Amino acid sequence: MSTSLEKTLGAPQTVQIKRTPQNQHDPPPITNIKAAKDCFVVNCYGRKIPFPALYEKTKTILVFLRHFLCYTCREYVEDLAKIPEKYLKDADVRLIVIGQSSHDHIQGFCTQTGYTHEMYVDPTRSIYKSLQMKQGEIFHQAARSPHVKSSTLNGVFKSVWSAMKSPAFDFQGDPAQQGGAFIIGPGDKLHFGHLDLNRLDHAPINLLLQQAGVKTVDFTHKAKIIDI
């Protein structure tokens with residue numbers, strides 16, 4: 001589902017995120033990147049990294065996920081994995097996925113999805129809260145992501161079954177927490193923002209690539225694209 005941005009006068013670090021006409025009854029959210037300036041992400045080794053370090057020097061696509069067992073998140077990241085590193089390097093853009101689980105789950109999630117770009121977690125959800133990402137799900141105002149392959153019934157069953165097999169019925173994150181996608185940097189400049197309304201409402205990946213100035217990808221092919 002696409003969004004358009006309007007720069008808020010007098011506050012260059014603040015961008016108004018507007019949705020398509022089907023969401024016109026909702027007030028557009030305001031995203032202030034500086035609200036998360038004191039937050040940290042955690043890498044797969046448990047090291048804390050200041051959130052602003054992810055975008056202070058380079059334009060960065062930041063994708064925030066629901067829990068790691070969410071079937072739509074897995075399918076979305078499987079498609080993010082198809083983006084060649086060369087496309088990102090040619091555009092001088094970083095691609096970063098952020099989850100909300102323990103850092104112990106990062107490597108397993110990357111292995112299962114084939115994702116080889118950067119990934120971190122925000123286990124306290126401090127960034128999610130600071131950027132006002134949604135809690136709960138709203139379905140009547142959102143379009144279905146083109147990257148969702150499974151039916152809702154089958155997908156939910158797979159998520160619950162995976163959680164049942166995890167220690168202490170662990171979804172690897174809060175199932176009520178929604179994610180989002182942002183293009184930020186260099187510095188606090190916010191170029192694009194999308195706040196997911198539900199598990200199906202991911203921003204189309206090629207829209208993110210276009211907004212970031214990165215070459216788009218043909219996602220009709222199942223295999224990961226190889227750099228040539």
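What percentage of the 228 residues in the protein do buried residues make up? They make up 50%, where buried means under 20% relative accessible area, exposed over 50%, and partly exposed in between (1.4 Å probe, protein chains only). Here are my notes.

1. Ground rules. This is a predicted model, so to speak with conditions attached: local features need pLDDT of at least 70, side-chain atom pairs count only at pLDDT 80 or more, and totals for chains, interfaces and linings use all residues. Residues are numbered from 1 along each chain as its sequence is written, and side-chain values use heavy atoms, with hydrogens and water left out.

2. Confidence. pLDDT is the predictor's confidence in each residue, from 0 to 100. Its mean over the protein is 79, and 69% of the residues reach 70 or more. Over residues 1-28 the pLDDT is below 50, and this stretch has 72 contacts in the model beyond near neighbours in sequence; a contact means heavy atoms within 4.5 Å. Residues 223-228 also have pLDDT below 50, with 13 contacts beyond near neighbours in sequence. Where pLDDT is low, the predicted coordinates should not be read in detail.

3. Overall make-up. You'll find 6 helices and 10 strands in the protein. Both are DSSP runs numbered from the N terminus: helices are H or I with at least four residues, strands are E with at least two. Of the contacts between residues at least 6 apart in sequence, 68% join residues at least 24 apart.

4. A helix pair. Have a look at α1 (residues 71-80) and α3 (residues 106-113), whose axes come within 9 Å and cross at roughly 65°. Axes here are lines fitted to C-alpha atoms, for helices over the stretch in contact, and angles run from 0 to 180 degrees between N-to-C directions. That angle makes α1 roughly perpendicular to α3; the cut-offs are under 35 degrees for roughly parallel, over 145 for roughly antiparallel, 65 to 115 for roughly perpendicular, and oblique for the rest.

5. Who meets whom there. From α1, Cys73, Arg74, Val77 and Glu78 meet Phe109, Gln112 and Thr113 of α3. By class, this contact has 3 nonpolar, 2 polar and 2 charged residues. Ala, Val, Leu, Ile, Met, Phe, Trp, Tyr, Cys and Pro count as nonpolar, Asp, Glu, Lys and Arg as charged, and the others, Gly among them, as polar.

6. Helix α6. In α6 (residues 205-212), the buried residues are Ile205, Leu207, Leu208, Leu209 and Ala212. Their cover includes β6 (59-64), α1, β7 (93-99), β9 (180-184) and β10 (190-195). Leu207 has a relative accessible area of 13%, so it is buried. Its C-alpha atom is separated by 9.9 Å from that of Phe192, 15 residues apart along the chain. After α6 comes Gly213, with a positive phi near 80°.

7. Most residues other than glycine have a negative phi, and most peptide bonds are trans. Asp92 is not a glycine, yet its phi is positive, about 55°. Asp92 sits in the loop between α2 (85-91) and β7, and counts as exposed because its relative accessibility is 52%. Arg125, in the loop between β8 (118-121) and α4 (126-130), likewise has a positive phi, about 60°, without being a glycine. Finally, a cis peptide bond joins Gly185 and Pro186, with omega about -10°, and Pro186 lies in the loop between β9 and β10.
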